[in-house]
Amino acid sequence: MDATVKIHPAESAADKRWINIHLNNQNTLRFARLACDLVRAIQQHRGLSLACLAGNKQFEPQLARLQRRTDKLMLLLGSDPSLASLMPALTREQLVQDWFTVRSGWQQDRIIENFEFHSHLLQRLLRWLNTHSDFSGGPSQTETAGMDKILHQRELLHLFLILLPETIETVGQIRGLATHACVTGFCDSQHSLRLAYLLKNARQEQHKLITTIRELDIHLLQVLDCLHYAQAYQ
């Protein structure tokens, strides 16, 4: 006598709904990781190319390796269907085109132009990450057994995907502009005003960062030691 396993329709629908939510969240996490990797790589490219333009040629081999790695990250945006579905084709093509314009033309740029082109590309990436790293809500309370609790800590996701990258980029821009002023020995009123504006933003972002960390669940703070370092850097 054959044994047949019967699945209740309601249970089957709940399972399917949870699987779809889980897969969507996993794809969003992978996309966010790729976006963060791209932000970090372009920030490094900005710093290395600025150093080369300032006359320090020892960074050129490192810059070439970084460009090849960034090329692969950009191509991954379109070659992975699960990632490509999270970004419209036109937006993705514009992002890739902007990167290849920066990488192919940086040697002909003036220092401040090179800085601006990189920063514009980074702001677009961060803006996209800010508005498209949304996670689906979980099932009802009765369906949450065994779910990863960290996934549902929206404050934690906002911290790592929004606040930290934005703060790091603001500090990176301050470093770039300040270094440029030191190297050239020139800082006009427009340059000075922009630095003052970025410093003000940095203080505001730092305040939000520390406030968010302090409001996190104590258990998360115990698991994620890096958050204590973020507070120490205040």
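## Helix H7 and His191

Helices (H or I, at least four residues) are DSSP runs, numbered from the N terminus. His191 has its place in helix H7. This is a predicted model, in which local features need pLDDT of at least 70, side-chain atom pairs count only at pLDDT 80 or more, and totals for chains, interfaces and linings use all residues. Residues are numbered from 1 along each chain as its sequence is written, and side-chain values use heavy atoms, with hydrogens and water left out.

With a relative accessible area of 11%, His191 is buried (under 20% relative accessible area, with a 1.4 Å probe and protein chains only). Leaving aside residues up to four places away in sequence, His191 touches Ile112, Leu177, His180 and Ala181; contact means heavy atoms within 4.5 Å.

## Helices H6 and H7

Helix H6 spans residues 154-184 and helix H7 spans residues 189-214. Their axes (lines fitted to C-alpha atoms over the stretch in contact, with angles from 0 to 180 degrees between N-to-C directions) come within 9 Å and cross at roughly 155 degrees. H6 is therefore roughly antiparallel to H7 (angles over 145 degrees).

## Arg46 in helix H1

Arg46 belongs to helix H1, which covers residues 9-53. At 3% relative accessibility, Arg46 counts as buried. The side chain of Arg46 makes a polar contact with the side chain of Ser119, at 3.0 Å; within protein, such a contact is a pair of N or O atoms within 3.5 Å, one able to donate a hydrogen and the other to accept it, and residues adjacent in sequence count only if both atoms are side-chain atoms. Not counting residues up to four places away in sequence, Arg46 touches several residues, among them Asn114, Phe115, His118, Glu169 and Gln173.

How values were computed: Helix = DSSP H or I, 4+ residues; strand = E, 2+ residues; numbered from the N terminus. Buried < 20%, exposed > 50% of the residue type's maximum accessible area, 1.4 Å probe, protein only. Parallel < 35°, antiparallel > 145°, perpendicular 65-115°, else oblique.
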